[in-house]
Amino acid sequence: SDGFRAVILCGIMDELLKSEYVAILVSSDDKDSTSQLDRIHSLIDRRVDGVILYPELDTRSDEYLKEVWDRGIPLTTTDRLMAQTHADFVGTDDVMGGRLAAELLLGMGHRRLAHLAGPESVTTASDRKAGFDKAVEAVSDASVVTLHTVWEGDPSALPELLGGEDRPTAIFCDSDMMAVGVYAAARELGLTIPDDLSVIGYGDLLVSKGLLPPLTTVKQSPYDIGRRAARQVLDRIDKKCVTEEPFRLRFEPELIIRSSTCAVRD
């Protein structure tokens, strides 16, 4: 995901530069919400005109951002929707992304599916799961086993999942980096991708093209997300956007089919 965030940042920087704004970049520990709040307060103390945030948690309420709202500072979140706040948001239609992955595998005849999913508390992961599960449920003889893990994690249950007689014939990974772990597990078990196991990733990061075989994946638009998030903050600053309702934009993802997926083998 670091590559994904880096490209979002490039989009932000390019858009701000066009309007002659200077960005102050601060980072925090993803696992430490206090760390991120401290960073936000440090920006406020510097009297910034606006804030663009990659949230460490989606579940924060408006109370968490009280000082931002009290100062009237425009705030846009990227990738992860903070649904319990009135922050603006620019990200991906992840429900659609999950559906695209499921529809490809189902169309190839796969009926025993697995989903290596991100944390349920993160909206991007829960949206992908919702889209994937709904598409699978629409096919009467299809089923899915879901394993939750951290974004780049390789859960210990993976060898057990892929090693049984009734193992899935295809697996959908919530990130391309997760797929790297699946490739390693498959190799250890003597499974060939895609003949024994079809694999789909998410993000279309550089690693997806370098894997052998190259990874089928759901492509996002991180540069456009960053650029549009910056533009939204600038529109709030310039009073071009004055609605009290949160602005929310989701870019449609695109399925990139490579050679890690194929029709199910009889």
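His115 counts as buried because its relative accessibility is 1%, where buried means under 20% relative accessible area with a 1.4 Å probe and protein chains only. The model is predicted, so local features need pLDDT of at least 70 and side-chain atom pairs count only at pLDDT 80 or more, whereas totals for chains, interfaces and linings use all residues. Residues are numbered from 1 along each chain as its sequence is written, and side-chain values use heavy atoms, without hydrogens and water.

His115 lies in strand E4, residues 112-117; strands (E, at least two residues) and helices (H or I, at least four) are DSSP runs numbered from the N terminus. Beyond four places in sequence, its contacts (heavy atoms within 4.5 Å) include Arg128, Phe132, Leu147 and Asp174.

The largest nonpolar core comprises 20 residues; such a core is a set of buried Ala, Val, Leu, Ile, Met, Phe, Trp, Tyr and Cys residues joined through side-chain atoms within 4.5 Å. Leu158, Ile171, Cys173, Val182 and Val199 have the most contacts inside this core. E4, helix H6 (158-163), strand E6 (170-173) and helix H7 (176-188) each supply at least two of its residues, and H7 gives the most, with six. Leu158 touches Leu147, Ile171, Gly181, Val182 and Ala185, its neighbours within four places in sequence being left aside.

Helix H1 (2-18), helix H2 (33-45), strand E1 (51-53) and helix H9 (222-237) are elements that each supply at least two residues of the lining of the largest pocket.

Note on methods. Buried means under 20% relative accessible area, exposed over 50%, partly exposed in between (1.4 Å probe, protein chains only).
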